[in-house]
Amino acid sequence: GDLFKALSLTGRKTIIDDQGGRVEIGAPADLIVIDRRRILFDHLTKLNRKNLLSLLLTRMKKSDVNKVIINGRT
């Protein structure tokens, strides 16, 4: 959770302090939509947040990105 907060809120504030980095009505939206099928194809145990984060950080490739949304625009 701390890692994603650093990436989405704290990291953004170092560049621009526009109150972005949150997913809520009226906030600027910069999002990446990821297809998890390839990343999780061989994972057999029940996933919790920590395991999912670890798999995303170690297995994710550019080809797993389905969509990029910047400032609310795809």
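1. Leaving aside residues up to four places away in sequence, Asp 35 touches Asp 64 and Asn 66, where contact means heavy atoms within 4.5 Å. Asp 35 itself sits in the loop that runs between strand S1 (31–34) and helix H2 (37–40); helices (H or I, at least four residues) and strands (E, at least two) are DSSP runs, numbered from the N terminus.

2. This is a predicted model, in which local features need pLDDT of at least 70 and side-chain atom pairs count only at pLDDT 80 or more, while totals for chains, interfaces and linings use all residues. Residues are numbered from 1 along each chain as its sequence is written, and side-chain values use heavy atoms, with hydrogens and water left out.

3. For orientation, the protein chain has three helices and two strands, and these follow the pattern α-β-α-α-β when the chain is read along its sequence. Of the contacts with a separation of 6 or more, 44% are between residues 24 or more positions apart.

4. The protein chain exposes about 6300 Å², of which carbon and sulfur atoms supply 57%; such areas come from the Shrake-Rupley method with a 1.4 Å probe, and for residues only the protein chains shown count as cover. Buried residues make up 16% of the 74 residues in the protein chain, where buried means under 20% relative accessible area, exposed over 50%, and partly exposed in between (1.4 Å probe, protein chains only).

5. The structure holds three salt bridges, a salt bridge being a side-chain nitrogen of Lys or Arg within 4 Å of a carboxyl oxygen of Asp or Glu. In one of them Arg 37 pairs with Asp 35, and the closest N and O atoms are 2.7 Å apart. Arg 37 counts as exposed because its relative accessibility is 64%.

6. A further salt bridge joins Arg 38 to Asp 64, with the closest N and O atoms 2.6 Å apart. Arg 38 lies in helix H2 and Asp 64 in the loop between helix H3 (49–59) and S2, so this pair ties together parts that are 26 residues apart in sequence. The two partners have separate labels: Asp 64 is buried, with a relative accessible area of 3%, whereas Arg 38 is partly exposed at 33%.

7. Asp 42 forms a salt bridge with Arg 59, and here the closest N and O atoms are 2.7 Å apart. Since Asp 42 belongs to the loop between H2 and H3 and Arg 59 to helix H3, the pair ties together parts that are 17 residues apart in sequence. Asp 42 is partly exposed at 38% relative accessibility, and Arg 59 is partly exposed as well, with a relative accessible area of 27%.

8. On the surface, Ile 32, Val 68 and Ile 70 form a nonpolar patch whose accessible area comes to about 280 Å² together. Patches are made of residues with over 30% relative accessible area and no salt bridge, with like charges joined within 9 Å and nonpolar side chains (Val, Leu, Ile, Met, Phe, Trp, Tyr) within 5 Å. Val 68, found in strand S2 (residues 65–69), is partly exposed, with a relative accessible area of 40%.

9. Finally, Asn 71 is found in the segment after S2 and is exposed, with a relative accessible area of 52%. Asn 71 and Leu 31 are 40 residues apart in sequence, and their C-alpha atoms are 8.6 Å apart in space.
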